[in-house]
Amino acid sequence: MLTEKEFTEAVEQHLDMVYRIALNWFRSPPDAEDAAQNTMLRLWRAEKPFADGEHLRRWLARVTLNECKRISANPWRHRMVSMEICPEPVFSDPARQTLFQDVMELPGKYRVPLYLYYYEGYGVREIGELLGMKTSTVQTRLARAREKLKTQLEEA
Amino acid sequence: MERKYRDMFGEVHASDRLKQEVLNMTKQRRSQRRHIPLAALIAAVLVVVLAGTALAMANAGIRDWFAQHWREETGHVIHVDQLGMIDQLTQEIGAGDTCNGVTVTVDSVTRGESILWILLEIDGLEITPEEASGSFFADMGMSITPQPESMESFGYDFEEAGFRENGALMVLLRYLPLLTEEDTLLDACNVELRLGSFTLGERTVVEGTWNISFSLEKADLPESLTLENSIWVPALPLDTPEERPEVEFRDVRITPTELHLVWADPEMREKVMAPGYWSLLMKDGAEISHCGGVGYDLPDGRAVKVYYWKVPIDLTQVEALKFGELVFPLH
């Protein structure tokens with residue numbers, strides 16, 4: 001089990017990643033917060049030791065994706081949360097706001113692999129392991145995601 | 001594009017409020033049972049407001065609420081045998097606590113295998129029926145002794161259930177612990193219920209905590225119905241929503257309060273949304289659906305899905321299980 005200090009450090013280092021993965025999955029900040037909170041609660045209760053920071057990061061990515069699937073699959077996925085409580089991201093540059101909207105308009109099956117690849121720096125094989133997909137499927141989705149995003153950016 | 005993408009997501013952060021909530025987890029005991037993780041968490045934040053909520057209930061009890069709810073859901077009058085069965089599953093309680101001039105009393109409890117309907121009477125509030133449609137307690141915890149072994153988390157929701165003649169507000173609390181097949185809520189037990197601050201929407205009306213202790217006697221649930229064969233129903237894939245593969249469920253069991261299903265292929269629950277269009281068709285043509293559900297894994301690797309019926313069902317009056325337009329005859 002993590003000590004309180006270790007847990008706090010893990011929150012500082014990885015909560016944003018957990019939230020971003022969930023936001024890419026759901027597009028909805030309230031749902032992303034739910035998944036992030038559940039994931040971090042699992043970490044706080046986890047009894048397993050982590051070999052190093054990378055082990056912890058990958059464990060969190062996997063648990064986040066599992067939480068997203070669980071929440072998606074639940075018929076009670078209806079929340080009453082005001083947007084004031086869970087605000088949409090705010091960007092320093094309008095172009096980034098546009099890019100965010102373009103990314104969020106991509107189909108769900110493209111958003112998460114794209115984030116794991118571009119932002120978290122995972123390889124195609126690792127993304128396949130995290131998402132339970134064949135490497136070739138991940139490659140195809142990344143290629144199509146890039147293509148779609150490029151088209152959207154050009155059209156914009 | 002990669003750099004722009006990275007720069008953009010570099011500005012997406014978890015909110016300070018979420019971060020604080022997560023950091024506050026360390027103040028809980030790790031084994032604390034009353035937290036609400038996983039799928040059941042969704043139930044915890046779901047506040048259902050019935051159509052026609054401001055019912056004039058006089059001194060009505062939970063059987064009247066079920067009768068009213070049945071009529072609204074099905075368009076049919078509830079069968080007298082069904083009311084008799086609800087009476088059989090219901091125990092009058094009458095225990096309460098007062099805080100800041102408001103008395104909360106547990107009127108009665110109706111039991112299922114893994115659901116409790118708890119009718120609360122709240123006396124001393126100064127609110128109108130219009131205001132009451134968004135009313136609930138901001139916090140809730142419950143301990144059950146002896147605690148079912150597999151119980152680690154729970155969900156709950158509140159539903160406004162009308163006013164009594166004395167002006168007391170009635171609120172129905174649905175309590176849904178995540179239990180595996182070996183455990184039920186039907187054994188005799190002692191219950192400690194804790195309710196925190198009464199709120200109307202975003203506004204806190206009464207701050208405080210109500211602690212109510214009561215005992216439940218052993219309850220007997222009528223025998224459940226089981227399907228001999230597997231059933232196949234269409235599901236929505238998580239990745240490619242345009243396709244609708246069929247998924248197989250085994251060991252389908254219907255109790256008066258729940259529907260239990262076992263995924264034939266546990267892997268499928270990672271690939272599709274759990275099919276959720278279940279209902280029961282009664283002999284008189286009434287049809288009642290579920291009000292949500294949870295899933296869990298058994299130690300042997302089987303994955304179970306449980307849905308809760310909106311009202312306890314008299315299984316002798318059930319004609320068929322339905323999934324959308326698909327009909328699976330029973331009996």
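A contact here means heavy atoms within 4.5 Å. Keep that cut-off handy for the tour of this predicted model.

Start by selecting chain A. Among its contacts with a separation of 6 or more, 69% are between residues 24 or more positions apart. Colour by secondary structure and you'll find seven helices and zero strands, so the pattern along the sequence reads α-α-α-α-α-α-α. Switch to accessibility colouring next: chain A has 156 residues, and 53% of them count as buried.

Now pick out two helices of chain A: α1, residues 4-26, and α5, residues 108-118. Their axes come within 7 Å and cross at roughly 155°. Because angles over 145 degrees count as roughly antiparallel, α1(A) is roughly antiparallel to α5(A). Turn the view to look through the pair, and the crossing of α1(A) past α5(A) is right-handed.

Show side chains at this contact. On the α1(A) side, select Met17(A), Arg20(A), Ile21(A), Asn24(A), Trp25(A) and Phe26(A). They meet Arg111(A), Val112(A), Tyr115(A) and Leu116(A) in α5(A). By type, the residues of this contact divide into seven nonpolar, one polar and two charged.

Last stop: cysteines. Select Cys68(A), which sits at 0% relative accessibility and so counts as buried. Then jump to chain B for Cys291(B): with a relative accessible area of 13%, Cys291(B) is buried too, because the cut-off is under 20%.

How many disulfides turn up in a search of the whole structure? Zero, over all chains.

Key
Residues are numbered from 1 along each chain as its sequence is written. Chains are lettered from A and ligands numbered from 1 in the order in which they are written. This is a predicted model: local features need pLDDT of at least 70, side-chain atom pairs count only at pLDDT 80 or more; totals for chains, interfaces and linings use all residues. Side-chain values use heavy atoms; hydrogens and water are left out. Axes are lines fitted to C-alpha atoms, for helices over the stretch in contact, and angles run from 0 to 180 degrees between N-to-C directions. Helices (H or I, at least four residues) and strands (E, at least two) are DSSP runs, numbered from the N terminus. Angles under 35 degrees count as roughly parallel, over 145 as roughly antiparallel, 65 to 115 as roughly perpendicular and the rest as oblique. A crossing is left-handed if the near helix is turned anticlockwise from the far one by less than a right angle, and right-handed if clockwise. Ala, Val, Leu, Ile, Met, Phe, Trp, Tyr, Cys and Pro count as nonpolar, Asp, Glu, Lys and Arg as charged, and the others, Gly among them, as polar. A disulfide is a pair of cysteine sulfur atoms within 2.5 Å. Buried means under 20% relative accessible area, exposed over 50%, partly exposed in between (1.4 Å probe, protein chains only).
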